[in-house]
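Here's a quick briefing for anyone meeting this structure for the first time. Have a look at the model before reading on.

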Amino acid sequence: MIGNVCYLLPAGGYSGGANSVVQEVSGLQKMGINAKIAVDDKNYETFTNAYASLPDIASGVRSYGTREAMKKILADSDIAVVTVATSVPDIISAWNDVPERKRPKLFYYIQDYEPLFFEKGSPDWLAAAQSYEHNLIMKAFAKTDWICETVERCHGMRVSRVKASIDHGTFFPLLTKPKGGKLKIAAMIRPSTPRRAPRRTCRVVNKIVAEYGEGVGVTTFGCNREQLRDYGLNLAASVQHLDRLTREQVAQVLRQTDIFLDLSDYQAFGRTGLEAMACGATPVLPMFGGASEYVRHRENGFLVDVRDEEEVFRVVREFAKSPSTTRRKMCIQAISTASEYTTRSACASIIDVLTCE
């Protein structure tokens with residue numbers, strides 16, 4: 001028996017990392033495991049709203065805002081899973097204050113190499129780097145070889161590999177899209193996250209609409225218009241911007257998309273790219289990071305050096321000029337690849353790690 005499992009997730013939702021935790025906790029619940037999520041107070045309302053369509057998740061979310069609340073959550077758990085690097089010091093400190101007989105086993109679900117999020121030497125960078133120094137207290141796992149190898153190489157922490165997954169009940173294709181017509185392109189813009197390259201993304205989509213005019217339909221999402229304005233980001237008038245979307249709304253966009261652009265500096269996994277593939281869209285993803293584990297260049301998507309914006313344009317032009325048979329073949333290959341990433345297989349691999357002595 002695994003007992004009570006709690007994922008400690010100080011996040012507001014809407015992100016790939018949060019989506020991973022939510023769908024895998026949901027999968028564990030369906031397997032009969034008492035798995036829950038605990039969210040910090042400041043993110044609790046946003047998080048529960050983001051996943052309101054999953055009542056088994058939203059109704060069971062616990063919140064914490066004090067050290068005592070954190071200790072209570074830990075003491076009520078048999079297994080606690082840390083998910084954010086900068087939260088590690090507070091969680092371990094609270095865990096040390098729990099009576100030894102009531103301490104849960106600690107695991108660290110590493111979803112990205114978080115020192116890359118911060119300026120080197122800053123307090124957050126130090127906290128992220130030091131989060132990998134607790135081999136004797138926590139067992140770590142991650143969903144790509146890139147994350148495992150990066151953490152082990154830079155910090156000597158052994159990281160077990162688990163399988164990645166996407167929610168196929170939400171992300172599925174619609175193959176009755178009309179043939180011909182405009183080339184549909186979608187991209188996500190997250191101004192508050194520099195590594196997601198919002199300025200690069202805006203430049204690229206603006207150049208695409210300037211070059212193709214009415215021959216393309218470009219849709220962006222991921223932030224509200226006030227954020228675009230506050231960060232000085234300008235989109236061409238013909239770009240349809242849809243603000244921040246729920247998972248279900250993102251899936252609706254991706255089902256109508258031919259090419260999905262993720263021009264981040266790197267992707268530890270690239271969940272939205274794989275979700276796009278599940279919806280029948282061909283992704284353009286960064287060659288740096290973990291996306292190469294599922295994208296085969298020119299077969300089911302494109303891997304590019306996103307720092308070279310001309311290279312991005314070249315693959316978009318290449319796809320635009322391709323015959324419909326080539327596009328359809330890439331679409332089917334993308335769907336086939338994405339179908340291998342199931343929640344059940346991911347949960348089975350996680351259970352194997354959680355129960356390993």
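Predicted model: local features only at pLDDT ≥ 70, side-chain atom pairs only at ≥ 80, totals over all residues.

Residues are numbered from 1 along each chain as its sequence is written, and side-chain values use heavy atoms, with hydrogens and water left out.

**Helices H8 and H12**
- The axes of H8 (residues 198-212) and H12 (residues 309-321) come within 11 Å and cross at roughly 40 degrees. Helices here are DSSP runs (H or I, at least four residues) numbered from the N terminus, and axes are lines fitted to C-alpha atoms over the stretch in contact, with angles running from 0 to 180 degrees between N-to-C directions.
- The two helices are therefore oblique to each other (angles under 35 degrees count as roughly parallel, over 145 as roughly antiparallel, 65 to 115 as roughly perpendicular and the rest as oblique).
- On the H8 side, the contact (heavy atoms within 4.5 Å) includes Arg 200, Val 204 and Tyr 212, while H12 brings in residues including Glu 309, Phe 313 and Ala 320.
- By class, that contact has 7 nonpolar, no polar and 7 charged residues. Ala, Val, Leu, Ile, Met, Phe, Trp, Tyr, Cys and Pro count as nonpolar, Asp, Glu, Lys and Arg as charged, and the others, Gly among them, as polar.

**Helices H1 and H14**
- H1 (residues 16-30) and H14 (residues 343-354) have axes that come within 9 Å and cross at roughly 80 degrees.
- That makes H1 roughly perpendicular to H14.
- Gln 23, Glu 24, Gly 27 and Leu 28 of H1 meet Thr 343, Ala 346, Cys 347, Ile 350 and Ile 351 of H14.

**Cavities**
- Searching the whole structure turns up 4 cavities of 30 Å³ or more. On a 1 Å grid over the protein atoms alone, a cavity is a set of points where a 1.4 Å probe fits but cannot get out.

Definitions and conventions
1 Å grid on protein atoms, 1.4 Å probe; cavity = no way out; pocket = protein on both sides within 12 Å on 5 of 7 lines; lining within 4 Å. Points joined across faces, edges and corners; volume = space filled by probe spheres on them.
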